[in-house]
Amino acid sequence: MDFLSSIVQQAISHLYTLTQTIGFPSYGLAIIFLTIIIKLALYPLTAKQIASTKAMSAMQPKMKALQEKYKNDKVMLNQKLSELYKQEGVNPLAGCLPLLVQMPILIGIFYGIRDFQYAGPSSFLWMKSIADPDPYYILPVLSALTTFIQTKQTMPAADGGAGAAQGKVMLYFMPLFIGYISISFPGGLVLYWVVMNIMQILQQLLMDRNKAKAEVAAK
């Protein structure tokens with residue numbers, strides 16, 4: 001993980017030099033540029049993960065029906081579920097593999113930005129230093145708000161069951177938790193989280209729009 005953190009910190013330093021070159025020296029801008037680059041690079045994996053998750057969510061009613069019908073016959077249940085996956089063209093592991101690939105990268109980014117040693121002024125907009133927590137709590141509020149929007153975007157349609165109740169808890173609990181811990185995190189790290197969420201929201205909107213166009217074209 002130290003290796004990935006080091007790469008992230010070198011990237012921030014190089015991007016900061018770039019902001020100096022264009023006449024707007026800012027570590028905040030450097031972190032924003034880094035986040036955009038990372039999200040664009042990981043987009044194919046993100047798209048595959050989201051598509052797989054949504055496909056699995058859409059299959060839930062059929063899966064529940066099979067589980068109820070074959071609840072006393074595990075062998076037949078597994079066979080029927082396998083047939084359902086093939087019929088729907090869904091790989092149940094497809095949503096996990098992209099996440100497993102991204103996880104070490106995201107952890108490296110987290111530690112790289114959190115432990116970054118700023119050389120020179122590190123002020124950004126209303127903050128005197130993004131090495132310190134946001135004194136006005138603007139970024140923590142934005143982190144909670146963007147997390148809420150991003151979570152709501154990817155939630156499956158409520159079916160009224162226990163899964164829907166659990167999803168509702170996560171929808172409200174996770175943003176509040178992220179906002180709370182962001183209060184004590186360096187501003188630069190929370191800035192990364194906010195920009196990452198915004199990029200995720202925009203990518204999800206793009207995917208939904210492309211899917212809607214494809215469905216219209218198929219009719």
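A residue counts as buried when its relative accessible area is under 20%, and as exposed when that area is over 50%; values in between are called partly exposed. By this cut-off tyrosine 27, at 4% relative accessibility, is buried. Tyrosine 16 is likewise classed as buried, at 11%. The model described here is predicted.

The structure contains eight aromatic pairs. One of them joins tyrosine 16 to tyrosine 27 in a stacked arrangement. Tyrosine 16 belongs to helix α1 (residues 2–21) and tyrosine 27 to helix α2 (residues 27–41), so this pair ties together parts that are eleven residues apart in sequence.

Tyrosine 27 also forms an edge-to-face pair with tyrosine 118. This second pair links distant parts of the chain, since tyrosine 118 lies in the loop between α5 (96–114) and α6, 91 residues from tyrosine 27 in helix α2. Tyrosine 118 is buried, as is tyrosine 27. The geometry of the two pairs is set out below.

| Aromatic pair | Centre to centre | Angle between planes | Arrangement |
|---|---|---|---|
| Tyrosine 16 and tyrosine 27 | 3.9 Å | 5° | stacked |
| Tyrosine 27 and tyrosine 118 | 4.9 Å | 85° | edge-to-face |

Through ring pairs, Tyr16, Tyr27, Tyr118 and Phe116 are linked into a cluster.

**The charged contact**

How many salt bridges does a search of the whole structure find? The search finds one. Arginine 114 forms a salt bridge with aspartate 115, and their closest N and O atoms are 2.9 Å apart. Arginine 114 is partly exposed, with a relative accessible area of 36%. Aspartate 115 is partly exposed as well, at 34%.

**Helix α6**

Helix α6 covers residues 138–154, a run of 17 residues. From its first C-alpha to its last it reaches 25 Å, close to the 24 Å expected at 1.5 Å a residue. The buried residues of α6 are Leu139, Pro140, Ser143, Ala144, Thr146, Thr147, Gln150, Thr151 and Gln153. An α-helix has 3.6 residues a turn, so residues three or four places apart point the same way.

**Confidence of the prediction**

The protein chain has an average pLDDT of 82, and 87% of the residues score at least 70. Among the elements of the chain, α2 has the highest mean pLDDT, at 92. Helix α3 (residues 43–69) has the lowest, with a mean of 75.

Technical notes: Residues are numbered from 1 along each chain as its sequence is written. This is a predicted model: local features need pLDDT of at least 70, side-chain atom pairs count only at pLDDT 80 or more; totals for chains, interfaces and linings use all residues. Side-chain values use heavy atoms; hydrogens and water are left out. Helices (H or I, at least four residues) and strands (E, at least two) are DSSP runs, numbered from the N terminus. The expected span of a helix is 1.5 Å times one less than its number of residues. Buried means under 20% relative accessible area, exposed over 50%, partly exposed in between (1.4 Å probe, protein chains only). A salt bridge is a side-chain nitrogen of Lys or Arg within 4 Å of a carboxyl oxygen of Asp or Glu. Rings of Phe, Tyr and Trp (its six-membered ring) pair if their centres lie within 6.5 Å; planes under 30 degrees apart count as stacked, over 60 as edge-to-face and the rest as tilted. pLDDT is the predictor's confidence in each residue, from 0 to 100.
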